[in-house]
Amino acid sequence: MIKLYNQLTKSLDEFQPIEKDNVKIYTCGPTVYSYAHIGNLTSYIYWDFLVRTLELSGFKVNRVLNLTDVGHLASDADEGEDKLEKGAKKEGKTVWEIADFYGAAFLRDFRSLNLVEPTKIARATDYIDEDIKLVNLLTEKGYTYETSDGIYFDTSKFKTYADFAKLDLDQMRAGARVKFNSEKKNVSDFAVWKFVKPGEDHAMQWEYLGRPGYPGWHLECSTIIKTVLGLPIDIHTGGIDHIPVHHTNEIAQTEAAFDAKLANYWLHCNFITIDGEKISKSLGNIFTLDDLKERGFTPLDFKMWVLQGHYRGERNFSFDDLAAAKTRRLNWRNRIALAYQSKDFSDCSEKKFSEIEALKSASNNLNSSEILAQIDNTCLKLEDWDYIDRLLGLDLLNSTPDRTAELADKIEAREEARKAKDFATADKIRDELVKDNITILDTADGPRWQYLS
Ligand code: AMP
Ligand code: ZN
């Protein structure tokens, strides 16, 4: 039994898929106008753990991740500058080049974090025809109206609009009076299609209603879900920032157009801060995986840091904590190295690791930190590490090749030199091993090799 916190019911619910054994998941992906920062990547690591938990529980996962490669406006209020267009101007490239470049960079990051490949990665620009069909359908059903700058969804016509995020529409109305787009009927109404204004420099545009335009930014998720997965899906994931606007609007337009529920479970991850501050350009604290690599950390050290916390918790990132996560991962890899060197585990007096306990923690609303503590406090056989790799995706076994046979002669030569009190030779061998990223641990059972990093 898997329990997940569901934004829809606002409670911890027992997970039941619509189709037996087959789980349909959709993850709102990045807007590909710059490199993903560690805040963005944190969210995909949490959802990777969700997928792995479901798969190890016997479910087949059918998962779609989208890449927002079509420009949308910088603010939730359908106003401001288009992120992709802005990125293109800054770098002197076309919007298409920007989307291709940063889309590829994102997928590289995704793979270097050893995240389970989604069944499909859908690019928003491949679904413009479906977007237009959706707008037409909403218009036919009387949910839209036209203003001078686009086609808007009339949220007052969708009676449960405020429920998902528990929105206080009266307060929103009062708060927005000053900068309220006067052509909008309600403050919460949102664009499903935007017109390119005469003279506006908007490279990504499609013809609709006899004039150039582009889809509103919530549209792609609705059309991709409907087209690729079919309605309803089991689980929809995203960040908490998506609750009041993006997901609220996705639900409204999808359910209004197709008369079907969008998703049964909604999971949202909380935000990470860095040294107590929000991640933002102005604070200069946007770190990418490459920035971490420059400071001597691997993507999987970062993944370990993410798994030490919970997707619903507020988290603070610091390089000291990342260093601790790196040490923990190295310790585990060296336990694997020890397991290679001692086939007999009968001397293991501690509690033995249990797959059942680990999966129980994972199934309890994705409690990864509890699993890490279990690993720290139990002894594991090689097959247990294999299970841990499948559950956490930390690539422990692969990144810890068994060098026992290859190192045997050197270790023996060093032992003999020590016995003969030829310390110069023994030290020389030790120094060579250090250069090869290996150190020798003298244990009661004799010398054992370990990785240095
Ligand atoms: P974006 O490309 O800005 O749409 O972000 C991609 C994903 O990362 C979204 O699901 C966001 O909710 C999530 N996200 C953005 N910033 C953070 C952060 N500081 N901590 C955790 N998740 C974040
Ligand atoms: Zn979305």
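Are F297 and F319 buried or exposed? Both F297 and F319 are buried, where buried stands for under 20% relative accessible area, exposed for over 50% and partly exposed for the range in between, with a 1.4 Å probe and protein chains only. The model is predicted, with local features requiring pLDDT of at least 70 and side-chain atom pairs pLDDT 80 or more, while totals for chains, interfaces and linings use all residues. Residues are numbered from 1 along each chain as its sequence is written, chains are lettered from A and ligands numbered from 1 in the order in which they are written, and side-chain values use heavy atoms, leaving out hydrogens and water.

Across the whole structure, a search finds 23 aromatic pairs, a pair being rings of Phe, Tyr or Trp (its six-membered ring) with centres within 6.5 Å; planes under 30 degrees apart count as stacked, over 60 as edge-to-face and the rest as tilted. The F297 and F319 rings form a tilted pair, because their centres are 6.2 Å apart and their planes meet at 35 degrees. F297 belongs to the loop between α8 (289-294) and α9 (299-307) and F319 to helix α10 (residues 319-341), so this pair ties together parts 22 residues apart in sequence. Helices (H or I, at least four residues) and strands (E, at least two) are DSSP runs numbered from the N terminus.

F302 and F317 are likewise buried. Their ring centres lie 6.2 Å apart with planes at 65 degrees, so the pair is edge-to-face. Ring pairs join F287, F297, F302, W305, F317 and F319 in a cluster. Over the ring of W305 sits the charged end of R315, 4.1 Å from the centre; the criterion is NZ of Lys or CZ of Arg within 6 Å of the ring centre and within 35 degrees of the ring normal.
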